[in-house]
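Below are my notes on the model, as numbered points.

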There are 2 protein chains.
Amino acid sequence: MSDRTSPVDDDEALAFHKEPTPGKLGMSATKPMATQRDLSLAYSPGVAAPVKAIAEDPEKVYDYTSKGNMVAVISNGTAILGLGDLGAMASKPVMEGKAVLFKRFADIDAVDIEVETSDPDEFVDCVARFGHTFGGINLEDIKGPDCFMIEQRLREKLDIPVFHDDQHGTAIISAAGIINACHLTGRDIADLKVVVNGAGAAGIAVLELLKAMGVSAKNAILCDSRGTIYQGREDGMNQWKAAHAAPTDARTLAEALDGADCFLGLSVAGAVDEAMVRSMAAEPIIFAMANPDPEIRPEAVRKIRRDAIMATGRSDYPNQVNNVLGFPYIFRGALDVRARTINEEMKIAAANALAELARQDVPDEVAAAYHGQRPFFGKDYIIPSPFDPRLISFVPPRVAKAAVDSGVARKPISDMGGYKAGLARRLDPTAALLQRIHGAVEGKGKRIVFAEGEEPSVIRAAYAFQSQDLGEAILVGREEQTKANMRLVGVPEDSIRIVNARLSSRNAH
Amino acid sequence: MSDRTSPVDDDEALAFHKEPTPGKLGMSATKPMATQRDLSLAYSPGVAAPVKAIAEDPEKVYDYTSKGNMVAVISNGTAILGLGDLGAMASKPVMEGKAVLFKRFADIDAVDIEVETSDPDEFVDCVARFGHTFGGINLEDIKGPDCFMIEQRLREKLDIPVFHDDQHGTAIISAAGIINACHLTGRDIADLKVVVNGAGAAGIAVLELLKAMGVSAKNAILCDSRGTIYQGREDGMNQWKAAHAAPTDARTLAEALDGADCFLGLSVAGAVDEAMVRSMAAEPIIFAMANPDPEIRPEAVRKIRRDAIMATGRSDYPNQVNNVLGFPYIFRGALDVRARTINEEMKIAAANALAELARQDVPDEVAAAYHGQRPFFGKDYIIPSPFDPRLISFVPPRVAKAAVDSGVARKPISDMGGYKAGLARRLDPTAALLQRIHGAVEGKGKRIVFAEGEEPSVIRAAYAFQSQDLGEAILVGREEQTKANMRLVGVPEDSIRIVNARLSSRNAH
């Protein structure tokens, strides 16, 4: 996967957002709305029955409404990307973008909501009042330290997952990478000497998750722009930094990095120099995640430390710490067990699942994304590709199980095998297509002729159409070739009628 | 259109809401999200350009986000349907239902938001903070008189349309019916003697709109359960009722109706008896809109007053006052000119447009909904059918023009003809289907065989597919019949290849 082919320029990005319709987000009805009877069921008078059912038992809202698959992406725009406080409405393209990523990667229906206040109390009051509309809340681009208080109080007020992705998303993906870097270098996380540079939302969350996973407080040093956060420091402190003040004599980042195993940068370009990298332990683990320009460039590190394992936030270098590997699947698992929250156990389960997936051989889709150069687990592949199609069936079950085991799930999963299979189907693009075709032909029992019937994707679509009892599918193609490909994609040979088209066209060209 | 075939029972309604997925509402991406490059445009780094553009010019949020086609359907559940105050979450099926009606009838992307408070101030504070996320706000099922204050204050705080449909929707549709009833009976609205029974949200809104349209205050009497609201009455009053206190000696509904031209009931079943109906003027106009059971049944009125014009809120009698005739098209017009509000001028324009449409000959779709009994303008057809496909292109332009003329539009429409054509296309079900097919065949130049090629709907789909340059369409059908239907639907005869299928099936049943 590479962005190097051609950069994204502003004009192209603006045109993408504007044409053919403004924005990136649309809504759809998931139930038929064609006839008077449909409307009578979807609205008055049919809607009274679910209303009464929910009034009697509030949990029924998960059965009769879309809540259980809905996530709100909420911001006040006080820390948009790397651009700062540009106001709530300016953050809307980011939040819409996040919402469509939820859909694209985990089939979660997400909507953005911008809250116009920079006052944390007002923000909390507002979101707490409407939050239960949704099955979960993804907070985004809220400045620190407000974000800590906002997330904490909303978690207390709402019995649904509330997750500030800028904190925990980055923490979980980088933790997955650290697990694998330890794996490759034979390190035990309990002995890992860690330096985190950047004491904002992401930096503190990264350190907290690593500590929850076993990094010892005595081996972990947090730094900000003034240097190390040591026990007794008074300048530029707040309660969240103070919680991580380290028993160390180091006062500068350079002193902290001397002999360290692991650097995690959530700070600014150029924060790390070559001398610092040289002073680190053998096989140093360097996650330079400042965006768009890392704390130190991978090529600079490679020049002086060929033993380093390196990750960045960029898609044009190996080992991208990309949040899209996390939030879709974490929420998917949380929603599927109706979790009351996303706790440390679920985050650690997600990190471990991502790490494990990176250690497995990759499927063809990933090889294709790497232009045929199939990546293998190793220093340049410690984090899975966002286009690995196994993510959807691999990560959410781990998160869901952790939710159940830690007692925050309202609805345990009884059939884990069925659940995994259902997850894989969620991203099958044929499903939505078939629903539309079905709508168009208005009723069951129609025949649909699938041209190009030899192609595996068409075979899958035809099989799905027929097995969903939408009508009869007919594949047009040479029989032997079609059957061979049916076997290839695991569709029973005799399940679909094959016709070898002899079309007598009277006005063929 | 009739519900008489089979009633909607609770089990069916619950199953409709629960299966195959809970709820009625889903979300979709409106931009491609397939490749790394798509993601780079939709999210980081591409999203930075629209963020900066909006930060510089807040109006650009309409260009680069989905705001301009998004409506929030918001309730606190204090007056759900006829069921009362069952709480915000119990209202969710209703609000989701309303959201999908927006989509179904006007291609507006709507989401529901439930606000958990019965305190009007808290409600206003909450909605005012996030309201600008959307292009408009539809308030729903909020109890009176709170709803008056809530709507008024939100209209002041937000520069987008805020519209409490329980008030204005009913008012606009019944006003359309009143216009046509006057038309049929040769009355001038300025002389119309009106009695409105029910001084809740809808009743007061109906009376206000009728007065704005020319009904004289001296000819209009509002009644509640205690009788007429006369000047000087003190019991059971509030500021909204007081504004309509009439200079009348009548103290009961029966006294008020004596000699009245027009009754509008927004009260309870049985509020009107035969003696009252007998006492009304010649050719009385009786809108008995209590739901589900009207103030008096049409068959009871017909028995004693064959000269009456009657409307109800039910779909199984003629002249249904159905809000779905209003809100989708009013918001459509308002959104399309980026209106700052929905004002009286726009409501009156909508009522006049609906009345005018009912006076025109109906298209085939409407005749079909009436089981082939084509309705004509007259006493039993003073309000258009919700399934009249001309609504989308007929009503919004009137609303939009009224917004422009009254100075509340941010973006006037320069090409009204093009706008109307675009409106008609919005509900073309083939458009969305084609987009999906296109996505599935992954690229241009594919052939799509359209089975059942003689059917007009299929011909339209095939033509649209081809004219959107998605590939070659092939219609399977008898040539003459197919060509005849192509002419019928206005598709050039030679534009699509027709094949007469002679399928040599080797494993036909």
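How many positive and how many negative side chains does chain A have, and how far apart do the centres of the two sets lie?

1. Charge. This is a predicted model. In chain A, 58 side chains are positive and 70 are negative. The centres of the two sets lie 5 Å apart.

2. Secondary structure and overall form. Chain A contains 21 helices and 15 strands. Its radius of gyration is 26 Å, close to the 23 Å given by the globule rule for 509 residues, so chain A is as compact as a globular protein of that length.

3. Burial and surface. Of the 509 residues in chain A, 59% are buried. The chain exposes about 19,500 Å², and 48% of that area is supplied by carbon and sulfur atoms.

4. Contact range. Take the contacts in chain A between residues at least 6 apart in sequence: 67% of them join residues at least 24 apart.

5. The nonpolar core. In soluble globular proteins, nonpolar side chains tend to be buried together. Here the largest nonpolar core has 257 residues, and Phe130(A) and Phe130(B) touch the most other members. Residues up to four places away in sequence aside, Phe130(B) touches Ile74(B) and Ile113(B) in chain B. From chain A, Phe130(B) touches Ile113(A), Glu114(A), Val115(A), Cys126(A) and Phe130(A).

6. Glu96(A). This residue belongs to helix H5 of chain A, which covers residues 92–106. Is Glu96(A) buried or exposed? Its relative accessibility is 0%, so Glu96(A) counts as buried, the cut-off being under 20%. With neighbours within four places in sequence set aside, Glu96(A) is in contact with Gly23(A), Lys24(A), Leu25(A) and Asp112(A), and also with Thr65(B), Ser66(B) and Lys67(B) of chain B.

7. Ala334(B). Helix H14 of chain B, residues 327–336, holds Ala334(B). The relative accessible area of Ala334(B) is 0%, and the residue is therefore buried. Which residues is Ala334(B) in contact with, leaving aside its neighbours within four places in sequence? They are Pro161(B), Ala339(B), Ile342(B), Met346(B) and Val399(B). His132(B) is 202 residues from Ala334(B) along the chain, and the C-alpha atoms of the two are separated by 15 Å.

How values were computed: Residues numbered from 1 in each chain as written. Chains lettered and ligands numbered in written order. Predicted model: local features only at pLDDT ≥ 70, side-chain atom pairs only at ≥ 80, totals over all residues. Heavy atoms only, no water. Helix = DSSP H or I, 4+ residues; strand = E, 2+ residues; numbered from the N terminus. Rg over C-alpha atoms; globule rule 2.2 N^0.38 Å. Buried < 20%, exposed > 50% of the residue type's maximum accessible area, 1.4 Å probe, protein only. Contact = heavy atoms within 4.5 Å. Areas by Shrake-Rupley, 256 points an atom, 1.4 Å probe, with all protein chains shown as cover. Lys, Arg positive; Asp, Glu negative; His and termini not counted. Charge placed at Lys NZ, Arg CZ, Asp CG, Glu CD. Core = buried A, V, L, I, M, F, W, Y, C linked by side-chain atoms within 4.5 Å.
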